[in-house]
Amino acid sequence: MGYALLVSTPGEPSNTPATDDYRLHRIESVTDAALAHLDVEDLLIELLDRVRELLEVDTASVFLIDFSSQQLVATAARGIEAVVRQGIRIPMGKGFAGRVAAKKCPVTEQVDHTNELYPILREQGICSLLGVPLLIGGTVIGVLHVGTLVSRRFSDDDVSLLQIVGDRVAFATQSRRAEVERAAAAVLQRSLLRLPVVPGLELAARYVPAQSGGVGGDWYDVFTLPSRWLCIVIGDVVGRGFVAADVMGRLRSGLRGYALLGGDPTEVLGRLDQQMQHFEPDTMATVLLAMFEPSFERLHLSSAGHPPPVLALPGQPAILLDVPSDHPVGVPGGLRRRATTINLPPGALLCFYTDGLIERRETSLDVGLDRLRATVVAGPVDSVCAEVMAQLVGGDPPGDDVAMLAVRRQDSGEIGPLDLVMPALPWSLRDIRVAVRRWLSAVGAASRPVADLLVAVGEACTNAVEHAYGPGGGTVTVHLELQLPDVLATVQDTGRWRPPHGEDRGRHNRGRGTQFMRSCSDDLRIDHGPTGTNVVIRRRLAEEAAR
């Protein structure tokens with residue numbers, strides 16, 4: 001009887017047992033626990049069917065708010081399915097659904113077809129409407145409304161019942177949105193944590209969504225330019241949810257494209273700022289861009305309002321880099337952007353992060369920065385990330401998204417083997433070449449051995465891409481290791497070699513490719529077998545011609 005009391009209103013004949021029983025039956029029908037196993041789409045349809053039956057109405061529909069456009073979007077309907085099929089969208093405050101959302105309370109109307117916003121109501125012949133807002137914590141997320149083909153005055157009991165259904169629809173919809181955002185956050189987290197292999201640098205990262213779950217606008221990125229400069233980006237779009245994540249995706253892609261055009265960090269951020277102000281005029285983001293020279297000995301940084309990175313040198317306390325903080329991207333009228341250049345000796349570590357790592361409601365920002373600086377050391381990057389997260393996040397879920405990226409320049413003596421597994425596709429050849437060149441430079445190879453190994457490894461990989469696989473494709477594996485005084489390079493595929501078009505031309509090309517590899521190596525072994533081809537290239541690191 002507790003639910004019956006919830007919908008009783010002054011002046012109703014609530015002391016009549018038959019009336020109370022009927023009211024309870026109606027409430028139990030729409031609060032049935034058995035509906036809990038349905039997914040949101042099926043639940044909405046089932047609830048709308050029950051509402052049509054219980055209220056004896058002809059139509060029932062749910063409109064949910066698209067917060068990016070501030071429009072109500074037809075999401076589910078019974079008896080008036082065309083509103084969903086036609087993708088009807090109603091501006092807030094306009095039309096019947098828009099008025100219900102704007103008032104945040106139940107509304108009943110006799111339809112005036114001369115000024116109703118969408119003609120489907122007129123085409124269906126709907127005369128009377130009752131609508132209730134879908135509320136979560138006082139915020140409207142949508143509207144549920146019902147209609148009849150004959151004129152009708154809805155009772156207070158009808159209004160109360162529809163509001164109960166609306167509350168259930170709101171809760172189910174919000175739960176579904178939270179579930180979708182959690183799944184999107186997990187996908188985002190996995191995509192962010194896939195860092196590239198960069199010979200000469202050690203990379204590790206962490207990304208943790210805020211306590212509220214879902215997606216946000218924090219991101220980081222690591223990519224190499226054709227010039228062999230390495231770019232590291234970390235940024236934070238103001239706001240939360242899919243809107244912020246959507247903007248973040250466009251900024252991430254846009255910055256990559258602008259970096260390809262050339263220029264220093266200030267020029268790249270300037271282009272990104274123009275994009276933001278033109279296409280995202282109501283949004284802003286903080287961004288830090290660091291561009292490493294190919295040798296990794298120096299890097300150039302520019303900050304668009306982002307917290308400064310932490311630098312730790314071997315045997316020394318970590319410091320906050322003195323990087324000028326210019327205006328965030330998306331903020332008009334800013335001054336000219338500034339760049340900072342620093343040297344990065346072997347063993348040095350840089351820690352990039354978003355403000356969720358250092359900001360806490362109960363402490364000042366300076367306290368968070370001091371704790372971070374005291375925790376970062378010039379050590380293995382995974383260990384540094386783990387210790388930073390333990391000390392600054394601990395066991396309490398953060399109130400804001402946390403993203404951090406640790407980068408350490410390796411000493412040539414500690415650089416391990418290079419292992420690459422790439423799709424056997426032409427675009428992989430450039431990435432392989434860049435990675436091999438970086439690794440050889442990092443281990444101290446002289447210019448002639450570098451050139452020879454790039455030719456030999458490149459030819460072996462090209463053969464795998466062109467001849468090892470059919471339309472189904474496959475992978476090419478590259479492994480480089482030091483066996484002083486030599487470098488040992490291994491290129492493998494798991495396909496069966498196919499002759500190129502024209503058998504004579506194929507034999508000629510293949511023989512010439514093998515000749516190239518042999519002339520650029522001290523020793524070459526090619527093994528073809530039923531499980532694929534294995535090419536082993538040995539080359540001295542010394543500055544001398546290959547045998």
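Predicted model: local features only at pLDDT ≥ 70, side-chain atom pairs only at ≥ 80, totals over all residues.
Residues are numbered from 1 along each chain as its sequence is written. Local features need pLDDT of at least 70, side-chain atom pairs count only at pLDDT 80 or more, and totals for chains, interfaces and linings use all residues, while side-chain values use heavy atoms, leaving out hydrogens and water.

**View 1. Confidence along the chain.** The average pLDDT (the predictor's confidence in each residue, from 0 to 100) is 84, and 86% of the residues score at least 70. Over residues 1–18 the pLDDT is below 50, and this stretch has 21 contacts (heavy atoms within 4.5 Å) beyond near neighbours in sequence. Residues 501–508 also stay under 50, with one contact beyond four places in sequence.

View 2. Look for Val 247 in helix H8, residues 241–260; helices are DSSP runs (H or I, at least four residues), numbered from the N terminus. Setting aside residues up to four places away in sequence, Val 247 touches Val 237, Met 276, Glu 280 and Thr 283.

**View 3. Helices H12 and H13 side by side.** H12 (residues 426–442) and H13 (residues 447–467) pack at about 155°, their axes 10 Å apart; axes are lines fitted to C-alpha atoms over the stretch in contact, and angles run from 0 to 180 degrees between N-to-C directions. The pair is therefore roughly antiparallel (over 145 degrees). Among the residues that meet are Leu 429 and Val 436 in H12, and Leu 453 and Val 457 in H13.

Note on methods: Helix = DSSP H or I, 4+ residues; strand = E, 2+ residues; numbered from the N terminus. Parallel < 35°, antiparallel > 145°, perpendicular 65-115°, else oblique.
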